[in-house]
Amino acid sequence: MSLELLWEGSIASVFGLLIGSFLNVVIYRLPKMMELQWAAEVQKYTEQPGPDAKQTQDAAPPAFNLVRPRSCCRTCGHMVRWFENVPVLSYLVLRGRCSACKTPIGARYVWVELATGAAFFFCGYRWGLSFTALAWCGFSAALIALACIDWDTTLLPDDITLPLLWAGLLLAALQWIDVRLIDSVFGAAAGYLSLWLVYWGFKLATGKEGMGYGDFKLFAALGAWFGWQALVPIILMSSVIGVVIGLLMKFSRALREGGYIPFGPFLVGAGLTAMVFGPQAITATMFAALGL
């Protein structure tokens with residue numbers, strides 16, 4: 001094990017912990033920002049402007065974005081101070097509770113920070129402190145955020161999936177990732193079209209929607225980052241794991257109302273596995289598990 005790469009991975013992991021703390025903000029606020037935007041658009045097109053329209057516009061609601069307002073306890077409104085927002089450490093010191101009202105803080109906050117730190121460590125250790133490592137750190141952060149948002153809301157926001165898709169194509173063109181541009185382009189196209197065809201085939205056969213358009217865009221993004229050759233291993237792994245977890249949740253009666261589970265987190269899991277081990281390793285592992 002190279003001490004230099006170990007050091008570079010450790011530096012990257014520190015930044016990963018900080019980015020993970022920010023991802024918790026993105027995971028919670030981005031879906032709510034989308035809801036507020038949709039509500040504003042509906043109101044704009046359904047309400048007729050009256051004589052007090054200007055007064056209504058002047059009384060605009062307070063800003064709600066990724067920066068404002070400051071983070072606070074959802075129970076008592078206590079503003080989180082800077083020393084209460086140190087990744088992982090603050091959670092441990094506070095024993096997972098609000099310092100004011102002692103309401104438990106969800107453990108997922110610290111797990112997101114740890115997962116992002118671990119992903120950044122891997123990127124720094126494998127590629128050093130380079131543009132390639134920076135690219136894959138961004139890839140990891142985007143996937144972690146998408147997995148949590150999709151699990152919570154069944155949404156895969158375009159604000160993340162589309163930049164991720166274009167970043168893969170651009171980085172392939174710049175040769176910052178080990179994928180030929182032609183493979184990246186065909187990977188993006190095939191990733192989107194394959195799930196689009198599955199969606200319409202399922203809908204025509206059953207009259208129901210089996211997945212959302214966000215899944216198409218996420219799979220297209222994975223195709224852009226890994227090339228078209230990786231699509232079969234990624235979809236194979238995500239489908240098998242999705243079926244297994246779905247059955248376990250069904251037997252344990254943990255399924256949500258409607259009996260559905262989002263597919264995005266399983267695509268994310270396969271994508272991160274492909275980043276660490278390579279798409280070929282996924283295929284070999286799946287065949288070995290099936291005894292083939």
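These are my notebook entries on what I looked up in this predicted model.

**Ground rules**

I count residues from 1 along each chain as its sequence is written, and my side-chain values use heavy atoms, with hydrogens and water left out. As this is a predicted model, local features need pLDDT of at least 70 and side-chain atom pairs count only at pLDDT 80 or more, while totals for chains, interfaces and linings use all residues.

**Confidence**

I began with pLDDT, the predictor's confidence in each residue, from 0 to 100. The chain averages 88, and 91% of the residues score at least 70. I then went through the elements, where helices (DSSP runs of H or I, at least four residues) and strands (runs of E, at least two) are numbered from the N terminus. Helix H2, residues 53–58, has the lowest mean pLDDT of the elements, 52, whereas H6 has the highest, 97.

I picked leucine 164 and listed its contacts (heavy atoms within 4.5 Å). Leaving aside residues up to four places away in sequence, leucine 164 touches Phe139, Ala142, Leu143, Leu146, Leu218, Ala221 and Trp225.

**Phenylalanine 121**

Phenylalanine 121 lies in helix H4 and counts as partly exposed because its relative accessibility is 29%. Beyond residues up to four places away in sequence, phenylalanine 121 touches Leu6, Gly9, Ser10 and Ser13.

**Salt bridges**

I searched the whole structure for salt bridges (a side-chain nitrogen of Lys or Arg within 4 Å of a carboxyl oxygen of Asp or Glu) and noted 5. In one of them, arginine 108 and aspartate 152 meet at 2.6 Å, N to O, which links helix H4 with helix H5 across 44 residues. In another, lysine 217 and aspartate 158 meet at 2.8 Å, N to O, and this pair links helix H8 with helix H6, 59 residues apart. Lysine 217 is buried, since its relative accessible area is 18%, while aspartate 158 is partly exposed at 34%. Lysine 203 also forms a salt bridge with glutamate 209, with the closest N and O atoms 3.5 Å apart; glutamate 209 counts as exposed at 54% relative accessibility.

**A surface patch**

Last, I looked up a nonpolar patch, made of Val, Leu, Ile, Met, Phe, Trp or Tyr residues with over 30% relative accessible area and no salt bridge, whose side chains are joined within 5 Å (like charges, in their own patches, within 9 Å). Leu193, Trp196, Leu197, Trp200, Leu204 and Tyr213 form this patch, with about 620 Å² of accessible area together, by the Shrake-Rupley method with a 1.4 Å probe, where for residues only the protein chains shown count as cover. H7 gives the most to the patch, with 5 residues. Tryptophan 200 is found in H7 and is partly exposed, at 31% relative accessible area.

Technical notes: Buried means under 20% relative accessible area, exposed over 50%, partly exposed in between (1.4 Å probe, protein chains only).
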